[in-house]
Amino acid sequence: TPLLPFLLALGLSALAEPTVTKLRRRLRVRRSFAAVAVTTLVLVVFVGGIALLVLRLVVELRDWSASLPEAVARFPAVWNGFLDRLELWYGNSPVFIRSALDLLAEQLEQEAPSLAGSVGEWLMGEVSGILAAAPKVGLFLMTTVLAVYFTSVSYPAILAFLKRQLPLPWQSRCREAARCFRSTMLKWLRAEVLLLLVTFGILLMVFTWI
């Protein structure tokens with residue numbers, strides 16, 4: 001929906017608000033500077049994490065492509081061995097199993113062209129859908145990033161405006177819900193970071209030992 005980037009920006013600004021407030025108090029800087037600094041730091045960490053993942057993926061693909069010729073050279077022997085084992089198993093199977101397999105093979109042979117065409121059409125449709133959605137995703141991300149900056153800078157004013165639109169009984173409920181959401185999200189992020197660190201430490205020790 002068109003409002004989703006702004007709702008995400010409001011939620012991210014609410015999560016960053018305690019850090020912005022602490023930075024303002026400790027450094028005694030303007031809110032705009034603190035908000036921009038915290039938002040930029042979060043974006044740099046997020047983009048840096050994605051860049052590291054992409055870099056790792058590129059390294060793995062490069063290593064895989066280097067070992068690909070050897071795997072391709074071994075493939076005929078592996079495939080022929082698989083066919084030999086399959087033929088041996090087929091010859092030792094009961095008659096009703098061989099009959100069922102022969103019928104299945106005939107059906108696959110008849111439907112193979114149409115199946116290949118359907119798979120190719122599905123792949124082309126998926127690729128076309130991804131390419132068509134790329135500009136929308138880029139616009140959504142850019143809008144969300146800009147909205148986070150502006151929302152974080154003017155968060156108190158925006159929050160006050162939203163409060164004025166709600167009846168008094170709903171204000172306390174929304175305040176409690178926001179506090180619970182912020183606390184839950186922070187606890188979830190701490191737990192995820194802790195799990196990542198523990199998993200990384202265990203894998204590092206195991207691979208180092210190996």
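Q: Which residues is Thr39 in contact with, once its neighbours within four places in sequence are left aside?
A: With close sequence neighbours set aside, what remains is contact between parts that are further along the chain. In this predicted model, Thr39 is in contact with Val148, Tyr149 and Ser152. Thr39 itself belongs to helix α2, which covers residues 31–92.

Q: Is Thr39 buried or exposed?
A: Look at the relative accessibility and compare it with the cut-off: under 20% is buried. Thr39 comes out at 5%, so it counts as buried.

Q: What is Ala147 in contact with, leaving aside neighbours within four places in sequence?
A: Pro5, Phe6 and Ala9. Ala147 is another residue found in helix α3, and it is buried, with a relative accessible area of 6%.

Q: How far apart are Ala147 and Leu7 in sequence and in space?
A: Along the sequence, Ala147 and Leu7 are 140 residues apart, while their C-alpha atoms are 9.1 Å apart in space. Now try another pair: Leu139 and Ala177 are 38 residues apart along the chain, and 30 Å separates their C-alpha atoms. Leu139 lies in helix α3, residues 95–153, and is exposed, with a relative accessible area of 60%.

Q: On to charges. How many salt bridges does a search of the whole structure find?
A: It finds 3. One of them joins Arg31 and Glu17, whose closest N and O atoms are 2.6 Å apart. Arg31 lies in helix α2 and Glu17 in helix α1 (residues 4–27), so this pair ties together parts that are 14 residues apart in sequence. Both Arg31 and Glu17 are buried.

Q: Which side chains meet in a salt bridge with 2.8 Å from N to O?
A: Those of Arg56 and Glu60. For a pair like this, check the sequence spacing against the helix. Arg56 and Glu60 are 4 residues apart, and both lie in helix α2, which puts them about one turn of the helix apart. Glu60 is partly exposed, at a relative accessible area of 38%.

Q: What does Arg74 form a salt bridge with?
A: With Glu70; the closest N and O atoms are 3.1 Å apart. Arg74 and Glu70 are separated by about one helical turn because they are 4 residues apart in helix α2. As for accessibility, Arg74 counts as partly exposed at 48%, whereas Glu70 counts as exposed at 51%. The cut-off explains the labels: exposed means over 50%.

Q: Which residue has a positive phi although it is not a glycine?
A: That's Arg28, with a phi of about 55°. When you spot a backbone angle like that, check where the residue sits. Arg28 is in the loop between α1 and α2, and at 76% relative accessibility it counts as exposed.

Q: Last one: why does pLDDT matter when reading the coordinates?
A: Where pLDDT is low, predicted coordinates should not be read in detail. For this chain the average is 80, and 100% of the residues score at least 70. Confidence is lowest in α3, with a mean of 78, and highest in α2, at 82. Keep that in mind for Thr144 and Ala147, which are found in helix α3.

Note on methods. Residues are numbered from 1 along each chain as its sequence is written. Side-chain values use heavy atoms; hydrogens and water are left out. Helices (H or I, at least four residues) and strands (E, at least two) are DSSP runs, numbered from the N terminus. Buried means under 20% relative accessible area, exposed over 50%, partly exposed in between (1.4 Å probe, protein chains only). Contact means heavy atoms within 4.5 Å. A salt bridge is a side-chain nitrogen of Lys or Arg within 4 Å of a carboxyl oxygen of Asp or Glu. pLDDT is the predictor's confidence in each residue, from 0 to 100.
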